[in-house]
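Please read this report beside the sequence and the model.

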Amino acid sequence: MLSDTWLLLSLRWHVLWNTFRHRSTVTKISTVLGSLLIGGFVTFTAAGIGWGLGLLLHQYPDRDLAALLPGGLLTVITLLILLSSFGVALGSLFLSSDLELLMSAPVDRRAVFLSKMLDGMLPSYTIILVTALPSLIAFGIGQNWGPLYYLLVLLTLIVLPFFPAGLGSLLVMLVARVAPARRVREILGFAGALFGVGCGLLGQTSRFWIPNLVGGAVGAQPDVKALIDDVRGIANVPVPPLLAGRGLASAGLGDWVPLVASYSGYLLFTVGFFVLCVWLADRLYAAGWVRMQSSGNSKRGRERSARAAARAGWLGRAPAWFAITLKDWRVLPRDLRNFAQMLAPLALLPFAFFSLVGGFSDTRATQGGGRGSRGNPFESFGAASHSALGVFVAAGVLVALLFVFGRLAETSISMEGKSWWLTKAAPLSPAELLFGKFVSAAIPFVMLALIFMISAAIWRGFSFVWFLYGLYGVLMLGLGLLAVAVGLSVPWAKFDWDDPRRMLSVQTSIYTLISWFVLGLMGGGILCIPLLLDALNPELVGVMMVVCAVLSTVVTGAVAYGFFRFGMGKLSTVGEN
Amino acid sequence: MTLLNSEQRADVPAINVPGMGVPAISAQGLRKTYGEHVAVTNLNLSIRQGEIVGFLGPNGAGKTTSLRMLTGLLKPTAGSAQIMGYDIEHNSVEAKKQFGYVPDTPNLYGKLSGWEFLRFMARLYRVPQEQAERRAGELLRLFELYDAAPDMVESYSHGMQQKMALAGALIHDPKVLFLDEPTVGLDPRSARLIKDLLSQLRDRGSAVLFSTHILEIAERMCDRVIIINNGDIVASGTMAELRHMRGEGSLEDIFLSVTGGAEYAELADILK
């Protein structure tokens, strides 16, 4: 079995090396340089954190932090690996493209499992190499600890991924027995996005809950000593990374009895748990894999189909371009990983909106504008800061919505994926196809823009004219920028993705960002001219609003049309290679 | 019937059949290169309405590339092609309205149900709603997909997806059908169904050009066979014409003799 495992691992590494070797020189150099740069940055940051923790130890010598800090570090790294280990195990154990070949090859089935599992642990070791290793070494140097500490750091880090990898594999095996692996992957992607949204919301609301956590009032300085004492309470929990942390600290301080007790506990628990997980998972692997080969719907039936036949809906009567839109709206939320890409900014959007509108100081009382001025729509023109709030809100709504729907526009052609041939072989003109794609992003954009702008106007009491002007600006600029993104989605469209999170090409992303920045400055700049006049010569504002709206529309429309035409021109050859 | 030597291959004239109107499919000097690699050298062909033509050739001969150029999926390096008289490059929308296409790997939208997929295809091809609904139901029953039609396409087997792709290609009752390896992955019953379907289409005046490696299907079903090798048409004609030129050999013998595979057959005999 071991020789088979080694053979499979070496073949895998050979494939990886060949993949790298056959890339262009520029790609190879940029990959190496990029990896060094990112790796170097993370390593440097991790070392800084390790060093900083060492300073904390010196700052609070009475708090007995020596055992807690390395353990805390290892716990964080373990959690990080644990979060990724389920997805990695799912991908390598059930969803790799070579599984059919390997499972039917005359090699030990356990070798297939073990090689896939070890292969899946490589990313964990990369994380450890750039985070745990530099931080623990920097921490040890700061404490002036001896060579035994560094030796045990190496051993600890070699063993560290065993626990999360074993647990991840076991969970995957159990889940694969009850649900199809591909669906699990989608749900996992969705859960990952939810986790990201959760972290984002926690970050956004930290000023409310952190003081409660440390037992102080909002705005008060947290009591660090109390916080340390609270955290120290969990240091004695017998989980592997905390055991290892106590062992490492004992090695550094030369305390042999706690060293032997903690470290042997760590090794026994981690390696034992790993062996147990491997043994259990191996028994479940074949059954899960076989189940994956035969997934279908057991509820098929004539009546069910007859009911579906009676529900043609809009898709049954839409013109061709709108059928493209309707198809996109169906496909997008059904792939949870794809939907998750939009969900994160969508979930953060209301919070950002309320922070933006609610956080701005209320100037109505001092400036004389606002709700009370609705009788005269131009009354609030003298309120320069109130107008600035309107611009701020409008710009915020525009940017936030572009963040959500820009991706939809940027990936509008890539979204077709391997089914691109269906659309390309269909009797659709380039204009129809791109228009359908544009509408996919434009309609939800317009709906949300209306909701947010009307809400802001009611909440903050914008004058009716300024509200209309701001709304027009957001819609006109937004639609223009979306059209630019749709046009730029064509030439660099990616069709060979399996994971929808990888459908956006770097080129489309960069060129769209640059084009948006330039067009946003031009179109948005023109729209802001009446605001300047508001302070300088308020009588001209009304006329200039009309002039600037027309001028900005002409500029934005011309640029957007140019990009749209550019995309139409590229459609006939895209996806040929 | 023509069996061509290497000099003659370069310039095969397009055949126009008098009295039958425009050819259903015609191509003149189609060429496709990828850098220095020539995938298709010089494809000239003309296929009548009501004709089934088999497109044969070894792996990598240029069959799929040719089909992809004829359907507008690939832009030719040189040459032109017409479907029912409409140029596929310059009048692509009209040309594409005339045909249905099923590739060798039916990558469909996995997150659409069978019903939704057929409705989507019907809208792309501008089939009136009432007609589309009726035809979708008929096709689903014909291909025994009716019960599975409310499910997502991703839950279908390869054969079911192949049949769903064919149903999508037939939803607008095309005058021309391009099929790339249509029987791969199908059970014998479904393969037989497709053969019967192609015969019906021919009887109704549709033209069918399909690539296949199963010579028995080509021999039994095709009015004409085109054999391509290294990007060139090396033989073209009815089975009778091919046999007349090559003696009473089977299509397999003819195929091997014109594609240079005969020596492999001899080698296989020696190895026995």
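Predicted model: local features only at pLDDT ≥ 70, side-chain atom pairs only at ≥ 80, totals over all residues.

Residues are numbered from 1 along each chain as its sequence is written, and chains are lettered from A and ligands numbered from 1 in the order in which they are written.

Chain A has 23 helices and zero strands; helices (H or I, at least four residues) and strands (E, at least two) are DSSP runs, numbered from the N terminus. Of the 577 residues in chain A, 37% are buried, meaning that 20 or more other C-beta atoms, placed from the backbone, lie within 10 Å of the residue's own. Two residues are in contact if their C-beta atoms, placed from the backbone, lie within 7 Å. Among contacts in chain A between residues at least 6 apart in sequence, 82% join residues at least 24 apart.

Helix 2 of chain A covers residues 25-59, and its end C-alpha atoms are 50 Å apart, which agrees with the 51 Å that its 35 residues should span at 1.5 Å a residue. The expected span is 1.5 Å times one less than the number of residues. Its buried residues are A:Ala46, A:Ala47, A:Gly50, A:Leu53 and A:Gly54.

Two packed pairs are set out here, with axes fitted to C-alpha atoms over the stretch in contact and angles from 0 to 180 degrees between N-to-C directions.

| Helix pair in chain A | Angle | Axis distance |
|---|---|---|
| Helix 2 and helix 6 (residues 132-143) | about 35° | 7 Å |
| Helix 15 and helix 20 (residues 430-460) | about 40° | 8 Å |

Where helix 2 of chain A meets helix 6 of chain A, A:Gly50 and A:Leu53 are among the residues of helix 2.

The contact between the chains takes 34 residues from chain A and 35 residues from chain B. Helix 14 (302-309), helix 15 (320-334) and helix 19 (420-424) of chain A each supply at least two residues of the side that touches chain B. The largest share of that side, six residues, comes from helix 15 of chain A.

How values were computed:
Buried ≥ 20, exposed ≤ 12 C-beta atoms within 10 Å, placed from the backbone.
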